[in-house]
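My notes follow in the order I checked things.

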Amino acid sequence: MGSKKPTVESQGSDAEVVDEILKRVSEAQRLVGHQDYFVELMQILASTLQVDHAMVAEVLPKQHTATTKALVSFGKPVANITYELKGSPCEQVLDRQSCAFSEHVSEQFPDDEVLQQIKAESYLGVPMFDQAGFKLGLVALLHGAPREFSPFVQRIVAIIATLAGAELAQSHSYKALKESRRRLETLIDNLPGVAYRCKNDEFWTMEFISSGVESLTGYTPQQLLDNRELSWLDLIYPPDRSIVDASVEVSNEQHKPFQLSYRIIRKDGQVRWVWEQGQAVYGPDQSVSHLEGFITDITERQEQNEKITKIAFSDTLTGLPNRAALLHHLQYNTGNGSERFEAMYVAIIDVVSFRDINDNWGIHVGDIVLQQIAERLRESTRANEYCARMSADEFVLVVHDDANQESIEHVLKRIMNAVNKPIRADSVEVQVKLRAGVVHTSMIATPSELLRCASTALHQAKSSARPLCVYSQELAAQLQKHRHKTERFLRALAKRQLTIYFQPQIDLATNKLIGAEVLCRWFDDELGMVAPDQFIAIAAEQGVLDELGEQVMSQACDYLRQWQESYSQVVKISVNLAVQQLDSEELVAKLVQLRGELPEQLITLEITESALMSDPDLATGVIHKLRESGFKFAVDDFGTGYSSLAYLQSFSVDILKIDMSFVQKMIDDESSSAIVSTIIAMAETLGMSTIAEGVETQAQADALLKAGCTSAQGYLFAKPIPAEEFAKQWLSRLNDS
């Protein structure tokens with residue numbers, strides 16, 4: 001008779017039971033990967049431990065049910081079931097490490113239909129885990145009679161649960177991998193492009209290439225794999241092959257992914273643009289063994305980009321490259337200013353008196369002239385020369401410097417000779433003349449500085465009435481000096497370091513003080529006293545005239561308040577406005593705020609006649625608002641701005657200030673004397689008063705009084721002086737009289 005297999009109930013030792021289980025489990029490994037593996041494990045448990053029922057059940061995440069993977073009842077497998085966890089001992093297993101009931105389990109869980117059907121009396125459940133420690137389900141033993149489940153039995157069940165859990169986890173991983181591969185293949189085959197893996201050889205021998213290659217090239221993957229009919233190299237447009245090789249090689253050397261655009265030739269002969277992104281795959285010796293990447297068709301995008309580039313970088317009127325194209329050209333050839341790739345001359349060329357062409361014959365004729373100039377420039381430039389239109393009537397010529405070529409002076413002479421000829425535009429003939437300012441990259445490297453310095457040279461050419469000016473060290477020094485002065489002025493303005501002086505205004509009949517003009521002064525520790533016309537010009541260039549005017553007005557009002565507290569009498573003051581300030585919508589409100597509680601009509605605002613006439617309509621509106629707000633208004637430098645009587649009436653000003661150029665000539669120059677007399681008479685007729693500026697002699701003062709001018713200012717009476725000195729010398733005297 002054969003020997004009986006040991007069980008827990010038999011007299012066999014624990015070691016014999018374990019040996020038997022391990023032997024049978026080892027034999028069951030042939031079934032790994034099959035559903036029968038779970039059945040075999042449960043049969044081993046049921047027979048070895050002599051229980052009625054054994055099952056392994058899977059519980060999916062966030063599910064409230066369990067589904068058996070194998071269920072053995074009285075030694076035979078039965079159909080798998082799904083049951084509710086709630087109200088079952090299995091629910092407790094999933095909340096603990098294990099769960100055992102030696103008797104009355106059906107009575108303790110009356111809602112568990114499975115327990116009730118099989119009339120279970122005892123129960124043991126052990127959870128299953130995956131490698132990450134997540135619970136996958138449980139292994140359970142159920143018996144129809146009371147049963148003690150010893151620690152030894154529980155350990156045996158735990159061993160089987162571990163094996164079942166490992167198999168279940170492996171099954172999950174296999175399914176997930178299979179699904180991922182299916183999705184990946186679906187994705188790759190449906191991508192609008194080609195995924196590939198190729199050898200790092202001269203032919204780009206394909207080891208894998210997706211089915212999208214047929215749509216892209218006209219060839220099937222089978223024709224390209226292992227170069228069966230042709231290689232990928234054969235498809236690359238011949239002129240682009242070296243570019244592709246070099247780009248990929250550089251990226252590989254730097255251990256970076258590569259991105260490049262190039263052309264291929266389709267099976268039907270079409271040339272198409274493709275974009276490729278890929279990276280190297282390195283072998284054990286760190287050499288590049290393969291390349292992997294993705295290729296897509298960008299032909300339509302490339303063609304659209306070319307159209308957009310043409311529009312973006314071409315001047316619509318002349319067809320020449322525009323300012324953006326010019327800057328790109330300069331940026332590329334100067335290496336972003338950090339490394340000079342090429343020495344170049346940059347010349348800004350403008351058309352002399354082009355504005356007169358538009359004014360005399362109209363913009364249409366001006367456009368024709370510009371088109372003809374552009375055509376002549378295009379025809380006269382050579383291979384090493386690049387021409388663009390920068391703005392209105394300004395063109396830029398870039399000459400790439402070469403020791404063997406003609407000098408820049410000869411280049412520009414050739415260009416100007418070609419262009420400086422009459423142009424027929426509609427029914428008129430226009431004489432064209434050019435001038436230029438030139439700079440070399442040996443002095444300036446960045447595009448913006450090159451253009452600015454060339455513009456400086458052009459301005460010098462205009463000032464000196466020469467056709468050509470080359471940017472020099474002298475001009476560079478002047479520019480540096482101006483920059484330095486600008487920086488110091490802006491710093492002084494920000495720190496409110498500018499001061500104001502007061503120049504007395506005198507009643508010519510009584511020789512008494514009647515007012516004072518406020519004049520801004522800037523003393524710099526390094527530069528000394530800087531002339532007002534210099535720093536006011538800087539303020540205009542930098543767009544800070546509003547801030548400058550606000551500081552002057554603020555200081556002037558502060559002094560008026562101090563003098564009101566110290567003196568019984570104060571005088572009216574006049575403060576200059578710049579034409580740029582008239583553009584500010586906040587001007588009136590700012591001035592009213594700065595004046596504060598000071599009496600109205602105490603402050604007169606001055607603006608030059610030429611500034612008023614730059615935009616009379618704007619000036620009229622602003623002056624009207626300022627006068628309504630309690631300010632008086634004066635026209636400075638009157639007689640130099642060519643204002644009409646109609647405009648003068650519409651401005652509604654209070655005072656005309658006669659320009660010093662007429663005052664200082666009126667004694668010896670009859671025309672100047674006549675102009676002064678006319679201004680005084682006109683002011684009297686319009687109900688305005690007059691103040692003469694720049695009075696330096698008593699003879700001038702006497703002549704002005706005789707002509708009817710009652711007020712004046714100038715060196716005859718006093719130079720502009722600081723506020724403290726003005727108060728001591730003039731206000732004290734006024735209040736003592």
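**Entry 1: a buried glutamate**

I started with Glu167, which sits in helix H6 (residues 151-190). I keep in mind that this is a predicted model. A salt bridge needs the nitrogen and the carboxyl oxygen within 4 Å. Next I listed what Glu167 touches, leaving out residues up to four places away in sequence: Val32, Gly33, His34, Tyr37 and Phe38.

**Entry 2: the cores**

Which residues touch the most other members of the largest nonpolar core? I got Phe502, Trp563, Leu626 and Phe726, out of 81 residues in that core. Helix H19 (residues 545-566) gives the most to this core, with 9 residues.

I then took a look at Trp563. Setting aside neighbours within four places in sequence, Trp563 is in contact with Phe502, Val570, Ala723, Phe726, Ala727 and Leu731. There is also a second, separate core of 35 residues, and Ile21, Leu31, Ala54 and Ile160 are among them.

**Entry 3: rings**

I searched the whole structure for aromatic pairs and came away with 11. Why do I call Phe101 and Phe109 edge-to-face? Their ring centres are 5.3 Å apart and their planes are at 85°, so the pair gets that label. Phe101 is buried at 12% relative accessible area, and Phe109 is buried too, at 8%.

Trp522 and Phe535 are also edge-to-face, because their planes are at 90°, with the centres 6.2 Å apart. This pair links distant parts of the chain, 13 residues apart: Trp522 is in strand S21 (residues 513-524) and Phe535 in helix H18 (residues 532-542). Trp522 is buried at 1% relative accessibility, and Phe535 is buried at 0%.

Back to Trp563: ring pairs link Phe502, Tyr559, Trp563 and Phe726 into a cluster. I also checked for charges over rings. Arg595 lies over the face of Phe631, 4.5 Å from the ring centre. Arg733 does this over Trp730, at 4.7 Å from the ring centre.

**Entry 4: salt bridges**

I counted 25 salt bridges. The one I opened up was Arg435 with Asp350, whose closest N and O atoms are 3.0 Å apart. Arg435 is in strand S18 (residues 434-440) and Asp350 in strand S13 (residues 344-351), so the pair ties together parts 85 residues apart in sequence. Are these two residues buried or exposed? Both Arg435 and Asp350 are buried.

Asp350 also forms a salt bridge with Lys462, with the closest N and O atoms 3.5 Å apart. Lys462 is in helix H16 (residues 447-463) and Asp350 in strand S13, so this pair ties together parts 112 residues apart in sequence. Lys462 is partly exposed, at 38% relative accessibility, while Asp350 comes in at 2%.

Last pair: Arg496 and Glu547 meet at 3.8 Å, N to O. Arg496 is in the loop between helix H17 (473-494) and strand S20 (499-507), and Glu547 is in helix H19, so this bridge ties together parts 51 residues apart in sequence. Arg496 is partly exposed at 47%, and Glu547 is partly exposed at 30%. To finish, I noted one network in which salt bridges that share partners join Glu517, Glu606, Lys657 and Glu693.

Key
Residues are numbered from 1 along each chain as its sequence is written. This is a predicted model: local features need pLDDT of at least 70, side-chain atom pairs count only at pLDDT 80 or more; totals for chains, interfaces and linings use all residues. Side-chain values use heavy atoms; hydrogens and water are left out. Helices (H or I, at least four residues) and strands (E, at least two) are DSSP runs, numbered from the N terminus. Contact means heavy atoms within 4.5 Å. A nonpolar core is a set of buried Ala, Val, Leu, Ile, Met, Phe, Trp, Tyr and Cys residues joined through side-chain atoms within 4.5 Å. Buried means under 20% relative accessible area, exposed over 50%, partly exposed in between (1.4 Å probe, protein chains only). Rings of Phe, Tyr and Trp (its six-membered ring) pair if their centres lie within 6.5 Å; planes under 30 degrees apart count as stacked, over 60 as edge-to-face and the rest as tilted. A charge sits over a ring if NZ of Lys or CZ of Arg is within 6 Å of the ring centre and within 35 degrees of the ring normal. A salt bridge is a side-chain nitrogen of Lys or Arg within 4 Å of a carboxyl oxygen of Asp or Glu.
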